[in-house]
Amino acid sequence: MEGIGGDGASVASPMPQWGHDAWRMYQYYLDKSTPHTTYRWIGTLVIVAIYCLRVYYVQGFYIIAYGLGIYLLNLLIGFLSPLVDPELEGSDGPLLPTKGSDEFKPFIRRLPEFKFWYSMTKAFCIAFIMTFFSVFDVPVFWPILLCYWIVLFVLTMRRQIGHMIKYKYIPFSIGKQKYSGKKGSASSSGSRGD
């Protein structure tokens, strides 16, 4: 009877505790990196460059690069798409304004920037690790894969841009918008008859 629910059950073994502590530390630094968008993307570009150099010098693993490209295209579509698709009529959430008289609703992405960055960085790290295992080096004629990926990219982006034009949304905020206000009130406020 002492083995069930006794004091021995409350003592955690060191290996799961170490894994939990490592995961908490990882999550802590991931949370701390959230506001530093520029530095996160610079770090990702360094990882991308290292991966590209690895594939270039090894002259192989093109099927991994193709799969990575398809996955990144999927992430990009999620990043450029609104959370609620205006083509679906039965949605209860906020919709994009389609007329000038509609109320302004901010663009909410289906895949937020942080998750897009995190998934992309994780994908490049996994692809980099896969290049060290020869089982993933499937011999393929890479120009065919490249041409096929370019065709997929062009067709997908054409459809996405058509969707943006049809529903009049831009998934990017370029700078802070400045409003000039009323021109008559600015001149009349400065000329008071005191």
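**Loops, a salt bridge and a patch**

Modeller: Phe-61 is buried, at 4% relative accessibility. Buried means under 20% relative accessible area, exposed means over 50%, and partly exposed is in between (1.4 Å probe, protein chains only). Keep in mind that this is a predicted model: local features need pLDDT of at least 70, side-chain atom pairs count only at pLDDT 80 or more, and totals for chains, interfaces and linings use all residues. Residues are numbered from 1 along each chain as its sequence is written, and side-chain values use heavy atoms, with hydrogens and water left out.

Colleague: Where is Phe-61 found?

Modeller: In the loop between H2 and H3. Helices here are DSSP runs (H or I, at least four residues; strands are E, at least two), numbered from the N terminus.

Colleague: And what is phi of Phe-61?

Modeller: Near 60 degrees, a positive value in a residue other than glycine. Gln-59 is not a glycine either, and has a positive phi of about 55 degrees. Gln-59 sits in the loop between helix H2 (37-58) and helix H3 (62-80).

Colleague: Is Gln-59 buried or partly exposed?

Modeller: Partly exposed, at 48% relative accessibility.

Colleague: Switching topic. How many salt bridges does a search of the whole structure find?

Modeller: One. The criterion is a side-chain nitrogen of Lys or Arg within 4 Å of a carboxyl oxygen of Asp or Glu.

Colleague: Which residue forms a salt bridge with Glu-113?

Modeller: Arg-40, with the closest N and O atoms 3.0 Å apart. The pair links distant parts of the chain: Arg-40 is in helix H2 and Glu-113 in helix H4, 73 residues apart. Arg-40 is buried at 5% relative accessibility. Glu-113 is partly exposed at 22%.

Colleague: Now the surface. Which residues form a nonpolar patch?

Modeller: Ile-129, Phe-132, Phe-133, Val-135 and Phe-136, with about 520 Å² of accessible area together. Patch residues have over 30% relative accessible area and no salt bridge; nonpolar side chains (Val, Leu, Ile, Met, Phe, Trp, Tyr) are joined within 5 Å, like charges within 9 Å. Areas come from the Shrake-Rupley method with a 1.4 Å probe, and for residues only the protein chains shown count as cover.

Colleague: Where is Phe-136 found?

Modeller: In the loop between helix H4 (113-130) and helix H5 (142-167). Phe-136 is partly exposed, with a relative accessible area of 33%.

Colleague: Last one. Which residues does the UniProt annotation "transmembrane region" cover?

Modeller: Residues 38-57, 63-84 and 140-157, from an unreviewed entry. Over residues 63-84 the model is 82% helix and 0% strand, with end C-alpha atoms 34 Å apart.

Note on methods. UniProt positions renumbered as here; feature names shortened; annotations may be inferred.
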